[in-house]
Amino acid sequence: MTKDNILKMVTEENIRFIRLQFTDIMGVMKNVSITADQLEKALDGELMFDGSSIEGFVRIEESDMYLIPDLETFLILPWENRGNGKTARLICDIYNSDNKPFAGSPRYALQKCLAEARELGYTMYVGPEPEFFMFQLDEYGQPTLTTNDKASYFDLPPVDKGEHARRDMVETLQGMGFEIEASHHEVAPGQHEIDFKYMEALKAADSIVTFRIVVRTVALEHGLHATFMPKPIYGIAGSGMHLHISLFKDGKNAFYDEKDPDGLSSTCRHFIAGILKHARAISAITSPTVNSYKRLVPGYEAPVYIAWSHRNRSPLIRIPARRGEGSRIEVRSPDPTCNPYLGLAVLLKAGLEGIKNKEEPPAPVEQNIYEMDLGERKINNIHSLPENLYEAVNELAEDQLIQEALGQHIYSRFRLAKIKEWENYSSRVYDWEIDEYLEKF
């Protein structure tokens, strides 16, 4: 895409409004809407906004910032195609008033790590598998905890009552340029998954934040509320976002080695070792909410233990069977509340450190770790992910490499926000406590 292409398309497609989008540090999408006659000014990088009002950005005395659109992200939003004109979007990079990249931009954090990978000759590819729930709305249009069906894994209509909404999500995504590989009902009632094809990491992160908007918008058109909350209901499976990751070098998959008995290169093993080494700190970024740790418990196929395997689904990292061009690792701990720019940045940074230092991972664990007792896990040197957000944030505070991936600006503000989140959660009184203690004591 070029500036002239976009301006021509805006005229030909009768596009009246353009949403200039970016995420805050927590990964929540923000936007400034402009009219088509202001687009050229925006494309020239002349549009300013007040950054002091955005979560984790800057102080009020530093508020003037620039939105610089990434032309490759131009898309027409199909659900805003009205008779009086269409709406498009551009994802933006953020610059300070001195025309330097803003250190607090999550997209910039990922771009820095990708540049480090390029210096080593690597390009990162990512295939996400985001899961979500769909719930019914009440009479006031507010979401309930009543799922829209009682279906389970791979069920068909009429048991899967979300199939029509999911089909419309897929068609909308395809119309926006996504290559959808699969969509299906997940394990829990009302739970769904839509997988799209692997792509370069920056585009994958852009696609994840776009995907979340599409899913929630289309669900609402069907009278449903879609949520990426990891564990909205106790006692059933939670929603994850497994990330399939590979590195390419000189046009070839750097994770594949045809001479290795397992088909895995030393680069792949070093990359795995780096992620496992920093897994506890990474958890604060890839599982970033109090609720995330209600998902990361034994019994629901969510990873709890820091290990890797070729087939086993209980460890943190699994190696899918395909080899050659499709060789990859599957990181199973992230959930869809994570900011994908930050999540991919810290995973890449840790993996690259493993490559640089030629670190070796422990032996793969092929047995079900959930069935091991504490003694067996100690013998096999298998450690656990943090049990809650507070523990994860403390791990992040001790890990200089992961802090470096985020940058000091993002790290300090992210940490402060998450400590406040934990304190707010910890000071509340919940129904469980009333049920457990009110009559007993």
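**Close-up 1. Lys197 and its salt-bridge partner Glu179 in the predicted model.** Lys197 counts as partly exposed because its relative accessibility is 29%. In this structure, which is a predicted model, Lys197 forms a salt bridge with Glu179, and the closest N and O atoms of the two are 3.9 Å apart.

**Close-up 2. The salt bridge between Asp93 and Arg107.** A search of the whole structure finds 20 salt bridges, and one of them joins the side chains of Asp93 and Arg107, with an N to O distance of 2.8 Å. This pair links distant parts of the chain, since Asp93 is in strand 6 (residues 86-96) and Arg107 is in helix 3 (residues 106-119), 14 residues apart. Asp93 is buried, its relative accessible area being 14%, and Arg107, with a relative accessible area of 3%, is buried as well. Asp93 and Arg107 also belong to a network of salt bridges that includes Asp70 and Asp206.

**Close-up 3. The salt bridge between Asp262 and Arg269.** The side chains of Asp262 and Arg269 meet in a salt bridge, for which the N to O distance is 3.7 Å. Asp262 has a relative accessible area of 34% and is therefore partly exposed, whereas Arg269, with a relative accessible area of 16%, is buried.

Close-up 4. Val187 is placed in the loop between strand 9 (180-185) and strand 10 (191-196), and, because its relative accessibility is 45%, Val187 counts as partly exposed.

**Close-up 5. The packing of helix 7 against helix 11.** Two packed helices are described by the angle between their axes and by the distance between those axes. For helix 7 (residues 279-286) and helix 11 (residues 389-397), the packing angle is about 120° and the axes are 7 Å apart. Angles over 145 degrees count as roughly antiparallel and those from 65 to 115 as roughly perpendicular, so helix 7 and helix 11 are described as oblique to each other. The crossing in which helix 7 passes helix 11 is left-handed.

**Close-up 6. His409 and Ser105, separated in sequence by 304 residues.** His409 is found in helix 13 (residues 408-427), and it counts as buried because its relative accessibility is 16%. Although His409 and Ser105 are 304 residues apart along the chain, their C-alpha atoms are separated by 9.1 Å.

**Close-up 7. Asn14 and Asn99, two residues with positive phi.** Asn14 is not a glycine, yet it has a positive phi of about 55°. Asn14 is found in the loop between helix 1 (3-12) and strand 1 (15-23), where it counts as partly exposed because its relative accessibility is 38%. Asn99, likewise a residue other than glycine, has a positive phi near 65°. Asn99 lies in the loop between strand 6 and helix 3, and with 56% relative accessibility it counts as exposed, the limit for that class being over 50%.

Definitions and conventions. Residues are numbered from 1 along each chain as its sequence is written. This is a predicted model: local features need pLDDT of at least 70, side-chain atom pairs count only at pLDDT 80 or more; totals for chains, interfaces and linings use all residues. Side-chain values use heavy atoms; hydrogens and water are left out. Helices (H or I, at least four residues) and strands (E, at least two) are DSSP runs, numbered from the N terminus. Buried means under 20% relative accessible area, exposed over 50%, partly exposed in between (1.4 Å probe, protein chains only). Axes are lines fitted to C-alpha atoms, for helices over the stretch in contact, and angles run from 0 to 180 degrees between N-to-C directions. Angles under 35 degrees count as roughly parallel, over 145 as roughly antiparallel, 65 to 115 as roughly perpendicular and the rest as oblique. A crossing is left-handed if the near helix is turned anticlockwise from the far one by less than a right angle, and right-handed if clockwise. A salt bridge is a side-chain nitrogen of Lys or Arg within 4 Å of a carboxyl oxygen of Asp or Glu.
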